[in-house]
Structures are given as C-alpha cells and as structure tokens.
Amino acid sequence: MNGWSRRNFVKTTAAAGLALPAAPALAAHAAEPRPATLPKSASDDDPLGIRGQFPVTEELAYLNTASTGPLPRPVREALVAYADEKMTYRDPGSRGRAVARARSRFADLFGADEAEIAFLFNTSDGENVVANGIDWRPGDNVVIDELHFTTAFVVYRELERREGVELRIIPSREGRAHPEDYDAYTDDRTRLISVAWVSNRNGFRHDLPTLAEIAHARGGYLFADGIQAFGTFPTNLHAEGVDFACGNGYKWLHADFGCSILYVRSEHHDWMQPDRFGHAQVAETLPEHQYRLRTDARKFEHGSLALGPVAAMDAALGFIGEVGLAPIAEHTHALAGELREGAAGLGMKLFTPPANPSPIVSFYHGMDSEELADALNAEGVRFTYQEGGELLRAAVAMFNNRDDVDRLLGVLAARA
C-alpha cells in the first residue's frame, strides 16, 4: 500500500453541519441582479425559506432532482430577461456580463480561480476534453468503478479501441467503491482515475483527496464528474486535489440544459491541449491570418456559448450562493438520512450505503414496478426507476421537506 490516508466520508458531512440561519434575502438575478420578494424566515415546512421560489412544490413531492432540477423563479426570470433582450436587442452587453458573473460566481462558490473555469455544453464534453487531452500510449490504463455514469464507459472503451489503453473497472462493494480497491487497481501506467464524484446510481460520494493522492503517487490525474455534486455541499476544488472536474447546471445547480462548467487546475494549462478549435479561443489576431490562442481554461471554449443557459447558470449560482451551500447540505443530507431509515424500516434493501453524505437515496423496493409507479404518481411523487424498475432512486433537494419524504414512504408503507 502507498502512503495515502483513508479519510472518513462523514467528516465532509460534519464540515457542513452548521446552524441554519433565517432564510436570507435572495436576489433574482436576471440580465442584471435585482431584488426578489421572499419569506423572511424559515419554518418546519420550509427549513431554508425558499419553497416559494420553486412552484413545483405547489403540486408535487418532487424527489427527482438527480434527474432534472426544477427551475426556481429567479432562474426562470433570467431566462425570460435573456429572451426579451435578444428579441429587442436593447442591451446586448448583458450577455457578456452574465458570462463573466457566472465564471466569477462558480469560482467563488467552489474554490477555484476564474482562469481555471471553462463553459462547455454538457458534462460528457468535459470527460471527452480530458480523455482526448492526455497523450496516451499503448499499455497505459484508466481506472474507473462500476458506479460511474454511462459516458465514462463509452469514452474509455473507445480509447481502448483507438489507443490501446486498458480500461480497469472496479466492482462496487455494499454500494461503495473503496479507496483500497483504487490503490490495488492502479500502477505506474495509470494515467487517469475517473469517478462520478457522487454516483447517479445510488448517491455514493467519493473522497476526492484520497483518490487524488492515489492517482498522483503513480503520476496520473484525477477527473471528477461533478453533475451530482455541484450544489449539494460546500467544497473547495483546490483543496479536493482533483485535476479536472465538470458538471452540467440542470440538476442540483437548478440552472438549465446546455451549460456545463469544466474546471482545469492551473498547473495543467501549459501541457493540456484542446481537442477542437475555433474563433472563441483567439486571444490576439496576428498578421497573415495567424493567431495567438488563449492559454488558460478558456482555451477549451472553442466556439460561441449557449448564452441563454449561461444566463440561467449565472442566476442559479447567485441564488445558491445566497441560500448557502452549508445550509443546503445540512438540510438535504439530514432529510436523505431520514428517507434511508424510513425505507430500511419498511424492509427495503438499500443500495445507498449508510451515513453517506449526499442527497440521493436508492433502494430495491421489491414490488410490482408499474403498480408502484402508478401509486406514486397518483400521490404526486416524482422519482426515477433504475435497473429495469427494480431500483427506486429518490433525490432530496433544498426545497424538499419532511412531508415530501413522508408522501413517498406512505405509498411504500401502504403496499409493503
């Protein structure tokens, strides 16, 4: 074994365990930030004081943010403001200001430098940028685990075919991918460890600093798919030790499809090259159709951005920043824990490991999946089935409350 340290996942939860403040006054960030009318205090039914910003809560027990996060009012207003401006062309400069604000807000929220942030279109873009940016040699290997998202398997199987790279897949044990298994599967030909920071399958959350130590000890890099992580707990990408991370905005950031954020640690900017090129990478135009290209993470922004989704991302990051990642984590992780306990108490076989610091809970319900889906939908409970309907995944977001969880558990209890 190398001299890496095993960290306790629960430490991360404890770091987020701060006292809940009264709900802050949030800003409805549209083309430019402007005040919103919000509740002045939290309550048992609305611990973060923001349910009124999510109209989905008026009808549904929406426990499906791990699939798609509903828009809060400030993000919807930002999208409308973007569309109105594009229709009237009264302030085209607002588009560039939204891009700059979103870059700055993400860097501030997640412990990065603005120069380390690039806007892409989806999380799969980020995995491809990283995979194609490494100078692979036949016999190199990449290590992932079976709790990763489908894109990773597709990308690295293609690398196997094209570059002679070996894909090593770690089996999960009791819903976890263990650091000691990563240590055993890596060697001096491991160029990359790639993980779903929080698994879409069961919410399992990796300890990135430990994996970074393992990867770096062998001269490799660590990539984290952050789509199920960004917006669910406080973090600092520099402190996490991760080399690359990417996540789209339409889940836990409550933004929209079409804008994902790629983090590339600054020490990799010199050697890592884009896998596609275009006008947006130009830093300076030189004579004879020559160009000096950008050298920071913006060199991965090869073309025009999806400015509507970027406007949504800007507003969403402003909204989340004012709610606070620590209160969001404290509320959602505790409520997810209650859901885990409730499902276990009804005899469900949990796929999510215990004391797991994420808002996703998965379990095998052992019932007729179509009948259960009909019953849940009739009660306004939104969720996701996996594994052909055998596995039920529920996701607890900032706007959910105990009544939402009880609606799901009540349907299960009535049929257990």
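Reply: **One tryptophan and its surroundings**

Trp197 counts as buried because its relative accessibility is 1%. Buried stands for under 20% relative accessible area, exposed for over 50%, and partly exposed for what lies in between, with a 1.4 Å probe and protein chains only. The model is predicted: local features need pLDDT of at least 70, and side-chain atom pairs count only at pLDDT 80 or more, while totals for chains, interfaces and linings use all residues. Residues are numbered from 1 along each chain as its sequence is written, and side-chain values use heavy atoms, with hydrogens and water left out.

Begin with the rings. A pair of aromatic rings is described by the distance of the centres and the angle of the planes. Here the rings of Phe, Tyr and Trp (its six-membered ring) pair if their centres lie within 6.5 Å; planes under 30 degrees apart are stacked, over 60 edge-to-face, and the rest tilted. By this rule the structure holds 13 aromatic pairs. One of them, Tyr62 with Phe399, has centres 6.4 Å apart and planes at 45°, so it is tilted. For Trp197 the partner is Phe230: the centres are 6.1 Å apart and the planes stand at 80°, so this pair is edge-to-face. Trp197 sits in the loop between S7 and H7, and Phe230 in the loop between S8 and H8, so the pair ties together parts that are 33 residues apart in sequence. Phe230 also counts as buried, because its relative accessible area is 2%. Both belong to one aromatic cluster, made up of Phe106, Phe110, Trp197, Phe230 and Phe233.

Strand S7 is largely enclosed by the rest of the structure, because six of its seven residues are buried. S7 has pairing partners, where two strands pair if DSSP finds at least two bridges between them. With strand S5 (residues 141-145) it pairs in the parallel sense over three bridges, and Thr190 of S7 is the bridge partner of Asn141. With S8 the pairing is again parallel, over five bridges; here Val195 has Ala224 in S8 as its bridge partner.

Between these two strands comes the helix: S7, H7 and S8 make a right-handed β-α-β unit. A crossover is right-handed if, with the strands pointing away from the viewer, the path from the first strand over the helix to the second runs clockwise.

How much of helix H7 is covered? H7 spans residues 208-217, and seven of its 10 residues are buried. These are Leu208, Pro209, Thr210, Leu211, Ala212, Ile214 and Ala215. An α-helix has 3.6 residues a turn, so residues three or four places apart point the same way. The cover over the buried residues of H7 includes helix H6 (179-185), strand S7 (190-196), strand S8 (221-225) and helix H8 (237-240). Just after H7, Gly219 takes a positive phi of about 80°.

To put the part together: Trp197 lies in the loop between S7 and H7, and its ring meets that of Phe230 edge-to-face.

How values were computed. Helix = DSSP H or I, 4+ residues; strand = E, 2+ residues; numbered from the N terminus. Contact = heavy atoms within 4.5 Å.
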